[in-house]
Amino acid sequence: NRIDVVAKKVASSGTTIISTNPKSGPESIEGYYDEVFCIPGLLEEVLFNSEADAYIIACFDDTGLDAVRTITNKPVLGIGDSSFHIASCLAGTFSVITTLDMSVPILKNNILKRGFDRICVNVSSVNIPVLDQENEECNALLAIEDEIQRSITDKKKKKLIQPEYLSNDNSDVLVSAVISPYLLTHLHQILQRSEYYAHKDGRVSHAANFAKLRKVLCLDARLS
């Protein structure tokens with residue numbers, strides 16, 4: 001339901017959002033094991049909603065993306081793949097922050113498969129399960145903020161596949177796999193602070209990128 005609310009807030013006036021969940025499968029998708037059990041239900045939902053003009057898979061691991069594309073000739077978007085494209089438009093390099101360590105190899109494989117391995121500097125996690133993200137006791141916001149700062153300042157971050165002639169110190173933009181509307185509501189505060197520190201450190205282009213992300217991912221998404 002919360003994904004539906006956020007999607008409708010950013011949809012254009014002529015777009016109708018239909019949000020569905022598979023009738024069977026895991027409650028959350030965390031790793032390759034869960035992926036195996038959720039794809040059949042995902043395919044059923046696509047076939048059942050065959051009148052749709054396009055499909056968006058709201059899982060940052062892009063679970064079932066290629067499988068869905070084999071059963072329809074309509075556009076099929078994964079939010080992970082889409083975020084990589086957006087990040088590549090905003091900066092020359094980017095890092096990805098996800099929920100759990102078990103998703104890191106999945107995302108690295110997706111990045112390689114989609115051709116973003118030359119500009120993705122790092123993939124890391126905050127080790128907080130998907131279903132716990134909105135639990136204030138787990139301090140998800142603080143964990144994400146700390147990982148953002150770590151990704152910015154750690155000069156040892158390297159590309160997934162890094163030839164010597166493509167060496168780079170760190171990333172310009174960070175993409176978060178956390179899509180919880182609760183976190184989205186507060187993400188602007190993290191980006192604003194990152195923008196402040198970038199200005200303070202003299203990284204003007206980084207600060208501008210954080211400002212753009214704050215507007216696109218947070219401010220625009222909160223418009224009703």
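## Exercises: a pocket and some aromatic rings

By class, the second largest pocket is lined by five nonpolar, four polar and six charged residues (Ala, Val, Leu, Ile, Met, Phe, Trp, Tyr, Cys and Pro count as nonpolar, Asp, Glu, Lys and Arg as charged, and the others, Gly among them, as polar). We're working on a predicted model, where local features need pLDDT of at least 70, side-chain atom pairs count only at pLDDT 80 or more, and totals for chains, interfaces and linings use all residues. Residues are numbered from 1 along each chain as its sequence is written, and side-chain values use heavy atoms, with hydrogens and water left out.

**Exercise 1.** Work out which helix gives the most to the lining of the second largest pocket.

*Solution.* Start with the volume, about 170 Å³. Next, pick out the residues closest to the centre: of the 15 lining residues, these are Glu35, Asp62, Gly64, Asn110 and Lys113. Then go by element: α2 (32–48), α3 and α5 each supply at least two lining residues. The top contributor is α5, with five residues.

**Exercise 2.** Describe the geometry of the Phe60–Phe84 pair and say where its two rings sit.

*Solution.* First, the rule: rings of Phe, Tyr and Trp (its six-membered ring) pair if their centres lie within 6.5 Å; planes under 30 degrees apart count as stacked, over 60 as edge-to-face and the rest as tilted. That gives five aromatic pairs. One of them, Phe60 with Phe84, is edge-to-face, at 5.9 Å centre to centre and 85 degrees between the planes. Finally, check burial (under 20% relative accessible area, with a 1.4 Å probe and protein chains only): Phe60 comes in at 7% and Phe84 at 1%, so both count as buried.

**Exercise 3.** Explain why the Phe94–Phe116 pair is edge-to-face, and find the cluster these rings belong to.

*Solution.* The ring centres are 6.2 Å apart and the planes meet at 65 degrees, so the pair is edge-to-face. Phe94 lies in strand β3 (residues 94–98) and Phe116 in the loop between α5 (104–114) and β4 (120–125), so the pair ties together parts 22 residues apart in sequence. Both are buried. Put together, Phe60, Phe84, Phe94 and Phe116 form one aromatic cluster.

**Exercise 4.** Decide whether Thr63 is buried or exposed, and list its contacts.

*Solution.* Thr63 is in the loop between β1 and α3. At 2% relative accessibility, Thr63 is buried. Skipping neighbours within four places in sequence, Thr63 is in contact (heavy atoms within 4.5 Å) with Ile29, Glu35, Cys38, Ile39, Leu42 and Ile57.

Notes. Helix = DSSP H or I, 4+ residues; strand = E, 2+ residues; numbered from the N terminus. Buried < 20%, exposed > 50% of the residue type's maximum accessible area, 1.4 Å probe, protein only. 1 Å grid on protein atoms, 1.4 Å probe; cavity = no way out; pocket = protein on both sides within 12 Å on 5 of 7 lines; lining within 4 Å. Points joined across faces, edges and corners; volume = space filled by probe spheres on them.
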